[in-house]
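Thanks for making the time this morning. I would like to walk you through the contacts between chains in this assembly, and I will take them one interface at a time.

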There are 4 protein chains.
Amino acid sequence: MPVPAPVLYPPFNIVRLSHVEYGVTDLAASRAFYVDTLGLQVTHEDGDSIYLRAMEERGHHCIALRQAGTACARVLGFKLYDEPDLDRAEAFFRGKGLPVDWIERPYMGRTLRTRDPFGVPLEFYVKMDRLPPIHQKYALYRGVKPLRIDHFNMFASDVDASVAFYTELGFRTTEYTEDDETGKLWAAWMHRKGGVHDVAFTNGTGPRLHHTAFWVPNPLAIIDLLDLMSTTGYVGNIERGPGRHGISNAFFLYIRDPDGHRIEIYSSDYQTVDPDLEPIRWSLTDPQRQTLWGAPAPRSWFEEGSLFEAAELVESRLTAQPIIAP
Amino acid sequence: MPVPAPVLYPPFNIVRLSHVEYGVTDLAASRAFYVDTLGLQVTHEDGDSIYLRAMEERGHHCIALRQAGTACARVLGFKLYDEPDLDRAEAFFRGKGLPVDWIERPYMGRTLRTRDPFGVPLEFYVKMDRLPPIHQKYALYRGVKPLRIDHFNMFASDVDASVAFYTELGFRTTEYTEDDETGKLWAAWMHRKGGVHDVAFTNGTGPRLHHTAFWVPNPLAIIDLLDLMSTTGYVGNIERGPGRHGISNAFFLYIRDPDGHRIEIYSSDYQTVDPDLEPIRWSLTDPQRQTLWGAPAPRSWFEEGSLFEAAELVESRLTAQPIIAP
Amino acid sequence: MPVPAPVLYPPFNIVRLSHVEYGVTDLAASRAFYVDTLGLQVTHEDGDSIYLRAMEERGHHCIALRQAGTACARVLGFKLYDEPDLDRAEAFFRGKGLPVDWIERPYMGRTLRTRDPFGVPLEFYVKMDRLPPIHQKYALYRGVKPLRIDHFNMFASDVDASVAFYTELGFRTTEYTEDDETGKLWAAWMHRKGGVHDVAFTNGTGPRLHHTAFWVPNPLAIIDLLDLMSTTGYVGNIERGPGRHGISNAFFLYIRDPDGHRIEIYSSDYQTVDPDLEPIRWSLTDPQRQTLWGAPAPRSWFEEGSLFEAAELVESRLTAQPIIAP
Amino acid sequence: MPVPAPVLYPPFNIVRLSHVEYGVTDLAASRAFYVDTLGLQVTHEDGDSIYLRAMEERGHHCIALRQAGTACARVLGFKLYDEPDLDRAEAFFRGKGLPVDWIERPYMGRTLRTRDPFGVPLEFYVKMDRLPPIHQKYALYRGVKPLRIDHFNMFASDVDASVAFYTELGFRTTEYTEDDETGKLWAAWMHRKGGVHDVAFTNGTGPRLHHTAFWVPNPLAIIDLLDLMSTTGYVGNIERGPGRHGISNAFFLYIRDPDGHRIEIYSSDYQTVDPDLEPIRWSLTDPQRQTLWGAPAPRSWFEEGSLFEAAELVESRLTAQPIIAP
């Protein structure tokens, strides 16, 4: 099996993915998309930034939008379990020769800034400002009724290497796509919080952020969003779906924000807390892997992604090709 | 406006579309599709035919499947209001110089067999054997939970002519697609029973049956069918969707039976009983007409259909082209 | 069978129920309920009245709310097929010795005002101002996403007599509840437009309006409304449900407006256009008649209703009792 | 706050609740309920026992039904993280003076049998036979489409004491009901696996098992089950719901198996993996705590439960009373 065995006792305890910071070129346009259309809740806004949370979340934010000259993904944030985990994380990254900094971040306690070996900017923290629950304030629900951030998906030029590193961090692989001929990983889904993934890696020029996903209550919320976007000027922002993923079994939709950042709307994968959960293998040649119902993804979905700030791009050396919509 | 005004007092009273008879080349394969997968209920079967009804229907059948050497659509059936309507129908068709016959049909009372001017085989009746209600026998619900037959869609080589004829029969146009340049109709949706359509016409080599549609309770039934077909060997029978039609506003899916007969699964259009309901116009160049969410239909959807038995084909002379999935 | 046979050729052609006018004691409170909570669309408002339509409707209004000293139901409106039907209706009611007046009504053409023999105020018209479609303006959808008015339910002191009269008007009975001992009707559901009912009658002191119902797309819209009402100060306005009716097979919820007028939210009954559709009989002693899942209705549901303006009340002489929640 | 602070580093690592064993008096009747009606999958059956799993589960079973002279709950099972956790668990329970035994269980590896201080029979294991995934074998989905076991709810005569003990085991309280006058806990919800609960405690004569819950994909699956049970002879087994819980925000239904064992069907609570998640407090006098929509639970729900084998009952000394349906 090309997937390394999970590490039962990782060097520090990552609870879950937490937040992403996007550079956006038109803050008002992004607000119309994320707030008025998707239905995320504003927890802070000023002249050049907007912080958002989803309906179930009590942490201050899961997305920070920052006015920028160029669209980019600035950082991926993860919540750690306890304060000593932060120090253990520092030691771990330092030991790998990776850059580590303790930084000040609004709404967050001690924050460690670093990068993974492929250049993905990461930050770790334990405490973020907690806000009162709003998940039963149903008058606030709008758009796709986003409940929580679910996962990040990244292009990786060497998925085997990314999976090896994130396995060392304690992420456990739930499903993966293998190139039958070379035995190389073409994609992998890895979790900490008990769902199919907190992070996933897809073969391609990397590192780039493929998408950030939000969890919604059921497929009808996704259909409502499609109807809304289609009749409010966003029909061109619908990229792929709706459909059922073979991998993860989730009902999905992919849309693009005004800067092209890709957002997945995601519903109903499965529980993965068992440490002995066997990863599910898919062949790159199986079209149902992408969409159980058979429809292939469009070319843009395989090729386009958000650049990480100051990360050097490396092309993938895999030559196998997925099935792409004609 | 290219759509003729509705005829408020038509020559005879058609209540609704009623049933279709398909010639199928492998009755067992058709049974697996219509009964085991879609969930239609068998009301009679013998060595060479199967009669089916949907869950809400009390008439004996909405589909008759007949073992045949070649796949075809044999006849479209319509229910009339009262016995005198049958005689008025005979007079009407005879007056147009069209063939009329009183035929014997199992499970049906007096039955008039004829063809429309374009060759579509039609039959009209008032009485069909009535069966006990099963719509609350929930243990029988299977597959897509089909509730009732909803409409027929036909390829017509001259949609304007078809609309003119069916308007004379009392069908009222609810929506239509116009070729902006020529002002010709490209497609039209016409009803008797108070929904968006009992019959629709689409430009193309005709007459051919484009599809028969079944009404289902909600989009989740369609998602369930997609999941089922995708994992029971029918993934190749999924042709288009799921999606929201711009025209009709219905949530839809198109699938193909083992002979290629196209079935639409259809949910939630709108009520059209007002005789002064204004038809909605769509431009052939508007892609949201087909799918509100923007995805174009595949080429097969525009080109393939079921032949009517003994009907002579005529090519359309329209040169305008819809947007087709690349 | 205690239900009279349907009249195939009624004296005039009623298309469907159309609208209700309510006297309300606090227009602002009613607006908060009908517009902000249910999601009906305002088509006109001024100091003392608000007109509303549902999302699918193109007629100007299905509810008129009028500021009044006392809460009441002022009139039930029905749409007729063609202008001559209005004159035939006048002749019919006049011939029965019932009061007839041609009145002026805003947004409506020629309007005939009358009462049924039991005192229910009725108005008939053919033309009402038509508004542009909004059913695909998804940004307007709110609350329970009401699609269209569905039916009126009235308390009648003699249900057999009410059913006899409305049968004469062309309404066809789809389901009914019979008192097994006396053979008297306890309730009946009667339609014109092809669903389970446009009007229903329930045994009790009458005439009173039991409720007005709105059709919604699916059960999840009803669950959304329950969540919204429960967290915006309307939890006390929830009276019964959600549940599946045995009768009609619809998924339902009953709520009360700020004046106590009862509104049913109603989803998914079945098609009834066949003139030979056999009515379904239910016994008064069968609790699944009310709610298929077994839960009985509360006492208020059997006893409370809106008074019709200037209608004299008559007590029912039936002594049989339905099953009431303890 | 009456809820003790969570223990971040518990004495051994419980992954999740795993399974329950019920004594049932008529195995065939239980099979009809759990398999044919709910849709659980048989993984083993013989003359006197049936093992079942839900659609998402890869462990061998989540319920074992055992033919017995008297209905009872025999044991609640929990999965531990790693083999050393089993030994730590033994030391922990032994240190408390509680009975510990290493027992042989079919389909399971090393298994520790013990009881909590209140008499609830518990078993812990790390390895259970793993079965191939079936969550995408959609042809197997039946009934309510049960995806996985979600939680146990127990009557406890001293909820404060139960919460103190389970907190020590590492369970974290997410929500709780407090008696305003005494400050005593009336109920509490506690988790290990990242949802609202793996175990809950409700005030009452204890220890008894109040219910076992199964997670389903969405509210429509619950509506389908209600329709099915109502028309297949199980209408009397529907006890409470459907509704939205105030506590947990889940959409729920309570049903009783042929022996009266209570099963909850449960959908869509929220993610609770953050170790600093603040518990939500509810007052015993708030009826929306039970059902957000206001409907109180019936008396049976507060009073009836399954006896644990060989556990001595203790009456609660709390005198506060919840709101009970009249």
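This is a predicted model: local features need pLDDT of at least 70, side-chain atom pairs count only at pLDDT 80 or more; totals for chains, interfaces and linings use all residues.

**Two interfaces of chain D**

Let me begin with chain C and chain D, which bury about 1500 Å² between them, with carbon and sulfur atoms giving 67% of that area. The contact itself involves 17 residues of chain C and 17 residues of chain D.

How are chain C and chain D related to each other? A rotation of 180°, with 0.0 Å of shift along its axis, superposes chain C on chain D with an RMSD of 0.0 Å, and that is the relation of a two-fold axis. The residue of chain C that comes closest to this axis is P326(C), whose C-alpha lies at 2.9 Å from it. Because 100% of the interface residues of chain C are also interface residues in chain D, the copies meet through the same surface.

Two elements of chain C, α4 (219-230) and β14 (238-244), each give two or more residues to the side that touches chain D, and α4(C) supplies the largest share, 6 residues. By class, that side of chain C has 11 nonpolar, 4 polar and 2 charged residues.

Now to chain A and chain D, where about 3600 Å² is buried, 44% of it on carbon and sulfur atoms. In chain A, R58(A), Y81(A) and Q271(A) lose the most area to chain D, together 17% of what that side buries. This contact takes 38 residues from chain A and 38 residues from chain D.

How many salt bridges link chain A and chain D? The count is 14, and one bridge joins R16(A) to D274(D), with the closest N and O atoms 2.6 Å apart. Elements of chain A that each supply at least two residues to the side touching chain D are β1 (14-24), α2 (83-95) and β17 (280-283). The residues of that side divide into 14 nonpolar, 7 polar and 17 charged.

Terms used: Residues are numbered from 1 along each chain as its sequence is written. Chains are lettered from A and ligands numbered from 1 in the order in which they are written. Side-chain values use heavy atoms; hydrogens and water are left out. Copies are superposed by least squares on the C-alpha atoms of residues with pLDDT of at least 70 in both. Contact means heavy atoms within 4.5 Å. Buried area is the accessible area (1.4 Å probe) that two parts lose on being put together, summed over both. A salt bridge is a side-chain nitrogen of Lys or Arg within 4 Å of a carboxyl oxygen of Asp or Glu. Helices (H or I, at least four residues) and strands (E, at least two) are DSSP runs, numbered from the N terminus. Ala, Val, Leu, Ile, Met, Phe, Trp, Tyr, Cys and Pro count as nonpolar, Asp, Glu, Lys and Arg as charged, and the others, Gly among them, as polar.
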